[in-house]
Protein chains: 2
Amino acid sequence: MDVARFFLVLAAILAAAKLLGELAERIGQPAVLGELVAGVLLGASALGVVPAGGVEAELIHVLAELGVVLLLFEIGLETDLKEMFRVGPAALAVAMVGVALPFAFGYFYWRYAPHAASGSGNLVSAAIFIGATLTATSVGITARVLSDLGRMSTPEARIIIGAAVIDDVLGLVILSVVSGVAAGAAITATGVATTLAVAVGFLVIAVVLGRFLAPRLFDLINRMRARYVLVVASVAFALGLAALASLAGSAMIIGAFAAGLILSGTNQFDTIEREVRPLASIFAPIFFVSVGASVNLALLVPSTPEARATLLIAGVLIVLAVIGKVAAGWAAPWTKFRRLVVGVGMVPRGEVGLIFAEIGRRSGLLGEEIFGAVLLMVMVTTFIAPPALKALFSKSSR
Amino acid sequence: MDVARFFLVLAAILAAAKLLGELAERIGQPAVLGELVAGVLLGASALGVVPAGGVEAELIHVLAELGVVLLLFEIGLETDLKEMFRVGPAALAVAMVGVALPFAFGYFYWRYAPHAASGSGNLVSAAIFIGATLTATSVGITARVLSDLGRMSTPEARIIIGAAVIDDVLGLVILSVVSGVAAGAAITATGVATTLAVAVGFLVIAVVLGRFLAPRLFDLINRMRARYVLVVASVAFALGLAALASLAGSAMIIGAFAAGLILSGTNQFDTIEREVRPLASIFAPIFFVSVGASVNLALLVPSTPEARATLLIAGVLIVLAVIGKVAAGWAAPWTKFRRLVVGVGMVPRGEVGLIFAEIGRRSGLLGEEIFGAVLLMVMVTTFIAPPALKALFSKSSR
């Protein structure tokens with residue numbers, strides 16, 4: 001491969017992300033919206049700058065993953081663990097309702113409502129899949145919006161982040177179930193329970209052990225003379241824990257978030273945070289641009305009957321997706337917080353929804369039209385949340 | 001590819017680099033020596049942690065290149081352009097003698113001296129190749145050593161860095177010539193002159209134009225509200241200029257160095273330098289570890305007659321390589337500086353020597369034994385320079 005051309009693509013991605021991010025802020029929107037739009041413009045369906053295949057695409061994928069890992073690591077660093085425990089029950093309730101409702105909506109819509117298109121597999125499997133794609137929450141997008149708006153320390157933000165992380169744990173369970181469905185396997189209670197136990201167990205063990213050991217380890221590292229040893233050790237720690245989480249059957253972002261939570265308890269916390277932030281600011285945009293680049297603009301043009309059918313299904317899915325997550329904001333009546341803000345914060349599906357949709361397409365359970373509709377649902381929920389959250393927050397400050 | 005496994009490899013590379021770098025410093029050596037040793041240990045001939053093939057190897061290669069680009073960008077940022085002009089003539093003389101002498105040594109040794117092995121091509125072509133592999137200077141290694149030792153602002157360091165950058169320009173010319181030789185083409189004066197003009201022209205035009213335009217551009221960027229926009233813009237600038245240099249027929253590291261020289265004239269210089277440094281500290285070790293990982297330890301064991309022949313040729317090449325570069329220290333008699341320090345600083349061949357050797361091997365001009373000998377020469381010159389420079393500098397401070 002041509003490294004020079006690849007670096008030029010990287011430079012274009014960074015420049016476009018910052019330019020459109022700036023433009024978004026100037027018109028009163030969160031910067032991440034501009035980065036997503038930059039991705040759409042640089043993507044295969046428009047300018048075609050972001051590579052769509054080959055080694056280059058894999059490289060962009062890895063750098064984007066690095067961006068998500070660094071972003072979740074930074075969010076973990078900035079998360080107050082005690083505050084997190086305080087909002088824990090509320091976040092759990094929001095997450096569970098925000099998974100159960102959209103799943104039920106999607107399942108029953110596909111199973112029982114009349115609709116124009118159908119997949120190649122059997123109806124029940126397809127319905128489970130449609131339901132699953134509606135359950136995801138993109139913690140990355142929402143966290144960036146909250147951080148762009150300077151609201152990371154509000155109770156709503158803590159509940160959203162907590163619920164989104166729990167959603168990722170639940171998402172893993174659902175992912176293993178739907179992957180089984182896609183491969184034709186039966187759903188067993190034992191399998192579901194094992195996946196859940198591994199995901200939760202990893203997070204708990206890592207944080208408990210880590211909060212005990214990491215301060216000692218980083219006190220030692222801090223006595224080393226090597227240049228910038230703290231930031232290098234922190235990044236290695238985040239990458240290592242992300243990888244271990246994935247190898248243990250959990251998700252990388254959960255490992256990265258855990259790494260941040262753990263290192264927020266070290267004495268070198270300030271230095272680590274100060275030096276990790278510019279790093280995350282460079283790689284996270286690559287992730288948001290590549291999410292935007294996966295958007296197919298052709299899906300938005302109702303030129304053929306099939307395209308119109310896709311748009312119709314997409315419209316229904318979007319309504320179900322928004323209602324299901326917004327309703328989750330009312331899931332914890334015993335805690336006081338702004339329920340609409342939390343509900344809207346859970347709406348964006350982002351990358352996780354794309355992963356589910358892609359598995360469904362590859363396995364043949366989702367036909368082209370439904371895949372297109374799911375993609376549209378992911379896009380729209382991802383793009384409407386930033387301005388909606390911004391509007392809700394500015395209403396509250398007036 | 002498995003992203004989680006790849007992140008684990010990255011974490012291992014970073015941790016090993018910092019641990020062995022620390023160890024090197026504790027025993028009074030520059031940290032980069034420890035990073036090179038870390039690479040040897042993690043490389044294919046020892047633990048095999050650094051991937052030697054496939055997409056993973058390409059990824060490591062790109063990240064290593066990113067490390068070199070960031071390192072040269074940082075060195076450019078820290079370089080005082082006026083001081084550079086002051087040492088310019090001396091650096092030019094050192095560079096030219098440091099290219100001409102080793103080339104002549106290598107050429108005449110291979111052409112006329114009796115030796116055990118021979119390549120498959122004709123003797124003149126092979127001799128040109130051997131000469132070419134001896135001309136390279138690894139600016140990355142020497143710059144890291146000087147920076148590890150805190151001697152970047154000495155006149156010797158400026159001459160070494162200047163000469164090493166000029167060596168890269170000359171190296172490009174030689175590279176295009178030897179690539180032509182490898183492909184069987186005749187050497188033309190026009191071709192050589194064009195390559196030289198492009199390489200020099202790019203550096204001059206980029207720096208002159210850039211020093212005029214960049215301060216205005218970065219004053220504008222500084223007024224943007226996006227988070228960490230300065231560091232992201234700087235990295236995009238460095239990547240873009242590195243890529244442009246390469247596409248214009250020059251080398252990426254020359255573009256990256258030029259980007260640093262240019263941005264050292266902006267008003268936001270301090271912020272940029274502060275935020276780029278931790279970034280370079282994370283990616284540069286990936287480069288040094290991957291240079292170390294390309295070392296084949298089996299070459300050092302004289303178990304067969306072929307291996308002993310390789311060791312013998314390598315011994316001759318090492319002596320020629322060291323003498324040729326050290327002698328270059330006396331190339332500028334009109335300027336006062338410590339000639340042995342400059343000469344020793346030019347000794348490491350590093351990555352550039354490896355690139356030449358690899359082209360020779362692939363084209364069939366260098367047989368297995370000579371290739372092994374060249375590899376050994378590159379390794380030894382790279383590994384002896386850091387402790388030698390360290391010793392010379394500590395002698396001077398006593």
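Is Glu275(B) buried or exposed, judged by its C-beta neighbours inside 10 Å? The points below come to that residue after the pairing of the chains.

1. This is a predicted model, in which local features need pLDDT of at least 70 and side-chain atom pairs count only at pLDDT 80 or more, while totals for chains, interfaces and linings use all residues. Residues are numbered from 1 along each chain as its sequence is written, and chains are lettered from A and ligands numbered from 1 in the order in which they are written.

2. The contact between the chains takes 45 residues from chain A and 45 residues from chain B, where two residues are in contact if their C-beta atoms, placed from the backbone, lie within 7 Å. On the side of chain A that touches chain B, helix 1 (3–26), helix 3 (54–78), helix 9 (229–247) and helix 11 (269–293) of chain A each supply at least two residues, and helix 1 of chain A gives the most, with 14 residues. Helices here are DSSP runs (H or I, at least four residues), numbered from the N terminus. By class, this side has 31 nonpolar, four polar and ten charged residues; Ala, Val, Leu, Ile, Met, Phe, Trp, Tyr, Cys and Pro count as nonpolar, Asp, Glu, Lys and Arg as charged, and the others, Gly among them, as polar. Because 100% of the interface residues of chain A are also interface residues in chain B, the copies meet through the same surface.

3. To return to the opening question, Glu275(B) has 22 C-beta neighbours inside 10 Å and therefore counts as buried; a residue is buried if 20 or more other C-beta atoms lie within 10 Å of its own, exposed if 12 or fewer, and partly exposed in between, with C-beta atoms placed from the backbone. Glu275(B) lies in helix 11 of chain B, and, not counting residues up to four places away in sequence, Glu275(B) touches Pro278(A) and Val231(B).

4. Within chain A, the axes of helix 1 and helix 11 come within 9 Å and cross at roughly 85°, axes being lines fitted to C-alpha atoms, for helices over the stretch in contact, with angles running from 0 to 180 degrees between N-to-C directions. Helix 1 of chain A and helix 11 of chain A are therefore roughly perpendicular to each other, a term for angles of 65 to 115 degrees. Ile13(A), Leu14(A) and Ala17(A) in helix 1 meet residues of helix 11 including Ile282(A) and Phe288(A), and this contact has eight nonpolar, no polar and no charged residues.

5. Two further residues of chain B may be compared with the same cut-offs. Gln29(B), in the loop between helix 1 (3–26) and helix 2 (31–42) of chain B, has 20 C-beta neighbours inside 10 Å and so counts as buried. Phe383(B), found in helix 15 (residues 368–397) of chain B, has 18 such neighbours and so counts as partly exposed; leaving aside its neighbours within four places in sequence, Phe383(B) is in contact with Leu33(B) and Leu36(B).

Conventions
Angles under 35 degrees count as roughly parallel, over 145 as roughly antiparallel, 65 to 115 as roughly perpendicular and the rest as oblique.
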